Structure formats: C-alpha cells, structure tokens
Amino acid sequence: QVHLVESGGGLVQPGGSLRLSCATSGFTFTGNVMAWYRQAPGKERELVARIGSPSSTDYADSVKGRFIISRDNTKNTLYLQMNSLKPEDTAVYYCKALLENSWGQGTQVTVSS
C-alpha cells in the first residue's frame, strides 16, 4: 500500500524559507518520477516541481529560481526547499509518485506578515 506523508509546512513571513519533506513507502521510490503539487483555496491543484530518477528536474514558471526539488533514494524521501516565499505560495502542498494513484494528506504552507 502506497503511503506518502508530507511535513514541514507552517506559517512564514514573505521572503522566508521552508523545507518540505515527503516520507514514502509501499512502492519503488527509485523507479518513480516524484512531484510536488499545491492547491490554494478555490483553485485547482497544480504541479509545482518534479524530479526524475536520476535527478532531472522541472519547475512551474511561478517557482523557478526560488524552489528546489530533491530526493534521497536511500531514505525514500522527497524534499522541496522553498525560498523567497510569497503570499501567493500559500497552499496545501502534496507529494506524489507519478506512476501511483495515491495522495498524501498534504502540509499547509501559509505565507503572511
């Protein structure tokens, strides 16, 4: 059974940083392209970043140069380093294995002064 557990969210001021983690189990992590999505209130879920295995990366234009996606295949864990955060980054962030159908519970990120 696929398990995805996101953590690391919280309240941060504009310009601040957060590091999200996603602990995974129940599938072959190293064989999957992994991704971070986010969903803001009243909006559709959107792709933020994805990373292949090995580590080719791809980012939404809105986060390029500010966010860094990475993975640790020895720990089956996905990360998202978020820098220079803006109020429009406020959302629930989810990780996903693109070959699997499951979603985690998400972690709330709120950027506000």
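Let's start at L11, which sits in strand β2, covering residues 10-12 (strands are DSSP runs of E, at least two residues long, numbered from the N terminus). This is a predicted model, where local features need pLDDT of at least 70, side-chain atom pairs count only at pLDDT 80 or more, and totals for chains, interfaces and linings use all residues. Residues are numbered from 1 along each chain as its sequence is written, and side-chain values use heavy atoms, with hydrogens and water left out.

L11 is exposed, with a relative accessible area of 66% (exposed means over 50%, using a 1.4 Å probe and protein chains only). Leaving aside residues up to four places away in sequence, L11 touches T110 and S112, a contact being heavy atoms within 4.5 Å. What about T77? T77 is 66 residues from L11 in sequence, and their C-alpha atoms are 23 Å apart in space.

Now for the sheet. Strands of a sheet pair through backbone hydrogen bonds, either parallel or antiparallel. Here, 4 strands form an open sheet in the order β1-β3-β8-β7, with antiparallel pairing (two strands pair if DSSP finds at least two bridges between them). The edges belong to β1 (3-7) and β7 (67-72); each has a single partner strand, so one side of each is left without a neighbour in the sheet. From one strand to the next, the twist averages 15° (axes are lines fitted to C-alpha atoms, and angles run from 0 to 180 degrees between N-to-C directions).

Zoom in on β7 and you'll find 6 bridges joining it to the antiparallel strand β8, residues 77-82. I69, for instance, has L80 in β8 as its bridge partner.

Note on methods:
Buried < 20%, exposed > 50% of the residue type's maximum accessible area, 1.4 Å probe, protein only.
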